[in-house]
Amino acid sequence: MLKEKKRSRPDGERAPAPKPKKKPLRSEQPYTMKKGAVVMWKTLEHNGVVFPPDYEPHGVPLTYDGQDVKLLPHEEEIAGFFAVMKDTDYALKPVFVKNFMDGFRAALRNGPHAFITDFKKCDFTKMYNHFAKIREEKKAMTTEEKKAIKAAKDKAEEKYTWAVIDGRKEKVGNFRIEPPGLFRGRGEHPKMGKIKRRVMPEDITINIGRDAQVPPPPAGHQWKAVIHNDTATWLAGWNDVINVKDWKYVQFGATSSIKAESDQKKYEKARSLHKYIDRIRSDYKRNMASDSKEMAQLAVTTYLVDKLALRAGGEKDEDLADTVGVCTLRAGHIKFMDDNVIEFDFLGKDSIQYLQQHKIDETAYKCLQRFVRGKGPDVDIFDEINPQKVNAHLQTLMAGLTIKVFRTYNASITLDRLLQDTNDKNTTLQKKATYDAANKEVAILCNHQKGVSKAHDTQMEKLAAKKKDLAKQITAMKKSDDKNKKKKLAALKERQAKLEIQMNMKEELKTVSLGTSKINYLDPRITISWCKRHEVPPPTVFTKALIEKFHWAMDCEMDFRFCNMDDVKTEI
DNA sequence: ACGCTCACTTAGTATTCCTTTG
DNA sequence: CAAAGGAATACTAAGTGAGCGT
């Protein structure tokens, strides 16, 4: 059964400002408003956004049906979007090519080049080479030239990199407006290849304090609107040009106090789940045997979320890639194996495949068999529930609990558990390996993957060659009568052992992404406490950016499993 | 109860930066 | 000192969930 298509809005317009509610005077407003809407700031100043440079025509032709055609600037720009992607996998996908070509043809339609209609006759090589040449020229510049250009750019952008919130100067995140190009949707996205048109000042809504100076739009332009929404923390926003009902925001950066505060709350919530987890687990175990199908479905989804760290899985529109989470799993996504083992095979967020077998609770196994009975592969397994219902049930057990908290909780507590095995006799490097191994387990739990780098095989071969060479040297050393033979042999053997570990690690991690959990799921206080206890300098495991992001946790010593709100020592 | 908007977090990949190597 | 390799950061797509109106 196909999911029902959600009604799409005909215009894609969005109200520029929150509905004007009957509010008391601003000065009379309490700091926290009635429900949900919390006032996030009293004053907010910033300098707006940076637009990409205007298009500069290069005059390099498109070759069509063997003939060079010099396009008009706006046509040339679009052809250029494709030319730079000529060698990517996208250019091989029919949907991508069709969407691109539809857009390209529409741009050509009323001009002198409307005869360009057939993708097969389009040859983008000249433009491609032109861009390649520019890249080469850039690369060939001296270090000083590169530095000077970078410095000039940094200087011009400096004032956009920060904003002042309640008197504090803080980093802005994505202050650069997204440049035009072709949409790179992930997986089988029906809109891939569509033209992402240039975002204009007229698209942008500025959110800023009432008393702040409104940043001037580029000369000859206007902002779409200027609002003063103090319950939101975004500085500017616009309707996404591909999924027009989506809204893109310019937000504060990861190191800002706004983000730090919400990060702390997230991890405190995950920690407090530890106090409730036994009750929650007995609740869903009991409810899996319930006569109520809805109750049983709530229980089984919660069980899967807890055991496998699955995502919620909200309903999606048909004009997006077909991906699922626990609530949207369909009968064809699971296979019943012997001994209560289920094979899960579905595409999750970003169309990343979740392909894992798990032995699950016997009652849950039987429930799943019952839920899929008589259903074709495209029918929803959990037909009586959705994430809202699951979350509503969870909130009868713990205030504020939602599905995603389980991912944070299980990721963090897994790290905490695995780090218990750290050997203090080890070197810092070995301790880092322990940390990375724990990080890796979390990444597998959360199914955080990455594409195998193109260079992977060559790199492995090189390491293998190195290893072979070392083995040779060792054999030679054994035969030699060098008086320092013992020492040298030991050194060689150590290098060999290190190389061996490096190779195994590289192979094991070739599809596993450690970064995502480190940035988003692992309570930094677990890591920092571990660093302290085992005398590992934090930069061993956190990059400079992460140390800044987690600055609020830097002096913490904490046990994740003891939830005491007083533990948060560092105030922002 | 449900659909929809809004605001924000989470995610993989592209690009840039920095270090190592030849 | 340049090229290569790998780490770090930038980018932007794609999720979650609260809350509101119907």
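What share of the 572 residues in chain A is buried? Buried residues make up 42% of chain A, where buried means under 20% relative accessible area, exposed over 50% and partly exposed in between (1.4 Å probe, protein chains only).

This is a predicted model, in which local features need pLDDT of at least 70, side-chain atom pairs count only at pLDDT 80 or more, and totals for chains, interfaces and linings use all residues. Residues are numbered from 1 along each chain as its sequence is written, chains are lettered from A and ligands numbered from 1 in the order in which they are written, and side-chain values use heavy atoms, with hydrogens and water left out.

**View 1. Overview of chain A.** Chain A has 15 helices and 15 strands; helices (H or I, at least four residues) and strands (E, at least two) are DSSP runs, numbered from the N terminus. The C-alpha trace spans about 80 × 75 × 60 Å along its principal axes.

**View 2. Helix H14 and its cover.** Helix H14 (residues 524-533) is largely enclosed by the rest of the structure, because eight of its 10 residues are buried. Among them are Pro524, Ile526, Ile528 and Trp530. The cover over the buried residues of H14 includes helix H5 (257-287), helix H9 (403-419) and helix H10 (428-445). Just after H14, Glu535 has a positive phi of about 55 degrees.

View 3. Thr527, in helix H14, is buried, with a relative accessible area of 0%. Apart from neighbours within four places in sequence, Thr527 is in contact (heavy atoms within 4.5 Å) with Leu415, Tyr435, Val541 and Phe542.
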